[in-house]
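Me: Please examine the following structure with me, taking pockets and salt bridges in turn.

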Amino acid sequence: MSIKLLYRAEDKTVANIVRSGLLRSFSAAQVSCASFSDLDRCISPHSQIYVFLNPTDTQRSLLETLTAQNHKVILFGSLGTELAADIGIEVEPLGTQSTDWAKVQPSASSMFNASRAAVVYDSHHPLTASLSLRHRPLSRYDFTDEWNTLGFGRITVEGDPWSLCQRAKTTQAEAIAQVMDKGEPVTAYAAIADMADSALLWFNRAVGPIDSLEWTIIEAFCSHYRADALNCIPYISEIPVGYSGTVTMRLDCDQAIATARPLFELYQSLGVPLSLAVVTGLPPQPDDMALLKDVLTAGGAVVSHSYTHPPNWGPDYHTALKEAQQSRAWLKENLPEAIPVHYAVSPFHQNPPYAVKALGDAGYLGFVGGIIHNDPEYLLGRSGQVPLCDQPLVSHSQQCMLHGDCFHQYDN
């Protein structure tokens, strides 16, 4: 059994992003891709779950064939008008009234800043009953317009892959999430269409909920939804069997490394390892080096935070490559006990695709990134392989951040 992703040629980049999300949850062994134009490869005897990306009315007959054969189907993005009607959804263009849904008006007096429109999930449907995130503003920031500590990215209304696609109203399908504006539903965001021999799950966004904890809905749909009647496939959990969660503790040492010692000693007293991401080009002073060695001795890690902490790892690929190489070289020379250093924390959590390529070419195996402000391709609802990159790099989005400026602003 496997999952097959079907897409149009013009959606190849979006398909790469969605494919990576599917790989992170279901593995390369269970995920394959094909273009809608390659009809011979669209239907496979081994595929039990299909993912359609921005299907048009041209794909109506293909969808009808699959739903008659005991398959689950996931639909991401815009729907052809007639195809939508086939599954019990009415669609129309977003319209100009959607322009303000995702806007955020920063306010210094607010604990955080959020858009007026938000995705709100049904609390009763089997797929959403255990969802930890029931209310998702289209945009929400905890620190300026940079950080969101609740684990989701930005939903736009601008027609890009991260945007709402259409205004939609369910007729026979069941809406499991609505976009609410001023307390009123303005469009369906996710819907289920249950049939005797099939089930369809639709998200009103080309990338679905790929940048959010809501991605667990995709995993639940594939792994156990209607297990008594439809095929299911397993997903890979980030959490080991027997555990309910994991926490990683890391400080990004942009400057004064030694000031982290009191926190390190606190964690050490609790038996919890603490790791440090180091900007290596300062260079560190003797008391900084002493702390780095103590962290390693206590079971923590020291990873790269670049050489000079530039935005985007630098303005181009060659600068980013040099930053990544110089940082690893310094760590190898000055902290041989930390070698091999295969991981990095991106400065400002900024990861343009050229910088990600540079990290791979510099010998890194993964990086910590993901932030609501920029590079949405690398804000991952589930950690693992990154998109738009030939190297087998992995990433982990770590948005939950205690920022010094937040502490001073809120005095808490």
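Me: How much space lies in the second largest pocket?
Reply: This is a predicted model, in which local features need pLDDT of at least 70 and side-chain atom pairs count only at pLDDT 80 or more, while totals for chains, interfaces and linings use all residues. Residues are numbered from 1 along each chain as its sequence is written, and side-chain values use heavy atoms, with hydrogens and water left out. A pocket is an open set of points on a 1 Å grid over the protein atoms alone where a 1.4 Å probe fits, with protein on both sides within 12 Å along at least five of seven lines. Its volume is the space filled by probe spheres set on the points, and for the second largest pocket this is about 340 Å³.

Me: Which elements give two or more residues to the lining of the second largest pocket?
Reply: Lining residues have an atom within 4 Å of a point, and the second largest pocket has 18 of them, with Thr248, Arg250, Val368, His396 and Gln398 nearest its centre. Strands are DSSP runs of at least two residues (E), and helices of at least four (H or I). The elements asked for are strand E17 (343-345), strand E18 (366-369) and strand E20 (394-397).

Me: How far apart are the closest N and O atoms in the salt bridge of Lys169 with Glu90?
Reply: A salt bridge is a side-chain nitrogen of Lys or Arg within 4 Å of a carboxyl oxygen of Asp or Glu. Lys169 in strand E10 and Glu90 in strand E5 are 79 residues apart in the chain. The closest N and O atoms of Lys169 and Glu90 are 3.8 Å apart.

Me: Which residue forms a salt bridge with Arg226?
Reply: The N to O distance in this salt bridge is 3.1 Å. Arg226 lies in the loop between helix H5 (216-223) and strand E14 (250-253), and its partner in strand E12 (residues 184-195), so the pair ties together parts that are 32 residues apart in sequence. The partner is partly exposed, with a relative accessible area of 40%, and is Asp194.

Me: Is Glu337, which meets Lys293 in a salt bridge, buried or partly exposed?
Reply: The side chains of Lys293 and Glu337 meet at 3.4 Å, N to O. Lys293 lies in helix H7 (residues 286-297) and has 34% relative accessibility. At 43% relative accessibility, Glu337 counts as partly exposed.

Notes: Buried < 20%, exposed > 50% of the residue type's maximum accessible area, 1.4 Å probe, protein only.
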